[in-house]
Amino acid sequence: MASSALKERRARFKRYKEDVDRRGKSFFPYAMFHDTVMSLVVVSVIVALAIIWRWTADDNLKPDGTGDYTGWLGAVYTHKADPGTTNFVPRPDWYFYFLFYLLRIFKWPDSVVLGTVGIPTIALILLLALPFVDTRSERRLSRRPVAVVAAILTVISMGVLTYKGATAKESLGSELAAIAPTWAQKQGFSGDSTAVNGAKLFAESGCLTCHTYLGAGSSNLGAPDLSSIGSTSQSVDFFSQYVSDPSEFGNNVMPKFGEKLTKDQINAIAVFLSKSKGAGGGGGGGTPWGQIIALLALGLAVLLVLSLAATRRAPPGYA
Ligand code: HEC
């Protein structure tokens, strides 16, 4: 009852076995010898790097805890981490930039699960399923256009995401303070020096690690865009109280800035917030092109794998 495709596959397998008998080498000792040599090389390189790293390290650590103890290959140890810092943005190693950038494309909270768990898992399942879907024994690249196109697209998309992740603007206070004056123009409060000062404080105080403002900053932990918060017609006093101690308003996510900033500083931020009327509808929102493109790419990947299954035809002979 064997279909012709199955017969063809069995014949191919038989040919393969004959080939192995004729030209193959046994696993022991040939393949094992190769593996042993290669493993030895890798381990030796690691040991050599460790020696160079430790040997070239100079002790520049000062008694007050500043300075470092660094070799050619990086720090042996540096001064203690400061948990209260606001000008350091943790970033992953470069080979994770493409995943890191996916996190930026998919915004908290609606689609972040899709970006962090969904897409990588689907991509992995596609990869695991591939040998079962594509059972042809064709190996020549020119006869596997679908697989080649899929591979090229994967490399390109990972390259683009890595590049975008590497050049992505961080919510660093110093960088954001530089764009704060442009907000005054867009929002029309250039004349109000308290509000302009508040804008600068807003940019430097870490508000933009959770909130977005006229397209700046990153939205996290469900914090709303504040570009048009002033049009809610809340008073300056209300904003002062809110920012001083958000927990009084049921917000336990946002830090109590009353503990960090002076009354005058909080007041300036409050004036700035009340003057933020939304710059003629600009800022925030917009079409989520990043998400649309990412989903299209994912759809294309699924289609490519499915089309591999559809074009499962017996080749004239295996290459
Ligand atoms: C750790 C994250 C975080 C930081 C940092 C933060 N916020 Fe918030 N903020 C939130 C969240 C979350 C909410 C929404 C709470 C809610 O809806 O109950 C919020 C709400 C607000 C609101 C009320 C918005 C509304 O629609 O009622 C204002 C105003 C505000 N934040 C201002 C600020 C300012 C000013 C700073 C900086 C000095 C700041 N936030 C820093 C997380 C943060």
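In this predicted model, helix H8 supplies the largest share of the shell around the ligand, namely three residues. Helix H8, spanning 236-244, and helix H9, spanning 263-274, are the elements that give two or more residues to that shell. The ligand is surrounded by 23 residues in total, and the closest of them are Cys207, Cys210, Ala223, Val253 and Met254. Sorted by class, the shell holds 16 nonpolar and seven polar residues, while charged residues are absent from it.

Of the 319 residues in the protein, 18% are buried.

Helix H2 deserves a separate look: its 29 residues reach 41 Å from the first C-alpha to the last, which is close to the 42 Å expected at 1.5 Å a residue. Because the number of buried residues among the 29 of H2 is zero, this helix lies largely in the open.

As for confidence, the mean pLDDT of the protein is 81, and 84% of its residues reach 70 or more. Confidence is highest in helix H2 (residues 27-55), at a mean of 94, and lowest in strand S1 (residues 58-59), at 73. Over residues 281-285 the pLDDT is below 50, although this stretch has eleven contacts in the model beyond near neighbours in sequence. Where pLDDT is low, the predicted coordinates should not be read in detail.

How values were computed. Residues numbered from 1 in each chain as written. Predicted model: local features only at pLDDT ≥ 70, side-chain atom pairs only at ≥ 80, totals over all residues. Near = placed C-beta within 6 Å. Helix = DSSP H or I, 4+ residues; strand = E, 2+ residues; numbered from the N terminus. Nonpolar A, V, L, I, M, F, W, Y, C, P; charged D, E, K, R; others polar. pLDDT = per-residue confidence, 0-100. Contact = placed C-beta atoms within 7 Å. Expected span 1.5 Å × (residues − 1). Buried ≥ 20, exposed ≤ 12 C-beta atoms within 10 Å, placed from the backbone.
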